[in-house]
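Work through the exercises below with the model open. Try each task before reading its solution.

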Amino acid sequence: MFSKEIFGQRLKAIRKEKKETQDDLALVLDVGKSHISEMERGNRTTTAEKIALICEHYRVSADYLLGLSDDPNPR
């Protein structure tokens with residue numbers, strides 16, 4: 001089941017693992033830094049298009065990012 005909290009935790013962990021700042025990810029998604037912060041805190045989600053961009057950028061599966069799987073590897 002989808003959880004904004006899990007989405008935010010995983011997004012933050014992946015971003016930090018890749019040594020990127022919130023500003024870096026905000027540029028990729030064409031949003032403000034506050035949008036990234038809100039997502040990472042589990043207060044906000046984003047569009048399907050932006051989720052796809054995140055998955056492509058970090059090479060993780062959408063199912064993992066959304067908390068539907070524990071396998072981060074895309075198929």
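Accessible areas come from the Shrake-Rupley method with a 1.4 Å probe; for residues, only the protein chains shown count as cover. This is a predicted model: local features need pLDDT of at least 70, side-chain atom pairs count only at pLDDT 80 or more, and totals for chains, interfaces and linings use all residues. Residues are numbered from 1 along each chain as its sequence is written, and side-chain values use heavy atoms, with hydrogens and water left out.

**Exercise 1. Surface and confidence**

Find the accessible surface of the protein and the share of carbon and sulfur atoms in it.

Solution. The surface comes to about 4,800 Å². Carbon and sulfur atoms hold 48% of that. Next, check confidence with pLDDT (the predictor's confidence in each residue, from 0 to 100). The average is 94, and 100% of the residues score at least 70.

**Exercise 2. Fold and dimensions**

Solution. Start with the rule: helices (H or I, at least four residues) and strands (E, at least two) are DSSP runs, numbered from the N terminus. The C-alpha trace spans about 30 × 20 × 20 Å along its principal axes.

**Exercise 3. Helix H3**

List the buried residues of helix H3 (residues 33-40) and name helices that cover them.

Solution. Apply the cut-offs: buried is under 20% relative accessible area, exposed over 50%, partly exposed in between (1.4 Å probe, protein chains only). His-35, Ile-36, Ser-37, Met-39 and Glu-40 are the buried residues. Their cover includes helix H1 (4-17) and H2. After H3 comes Gly-42, with a positive phi near 80°.

**Exercise 4. Val-60**

Is Val-60 buried or exposed, and what does Val-60 contact?

Solution. First, locate Val-60 in the loop between helix H4 (48-58) and helix H5 (62-65). Val-60 has 9% relative accessibility, so this residue counts as buried. Now take contacts (heavy atoms within 4.5 Å). Beyond its neighbours within four places in sequence, Val-60 touches Ile-14, Cys-55, Pro-72 and Pro-74.
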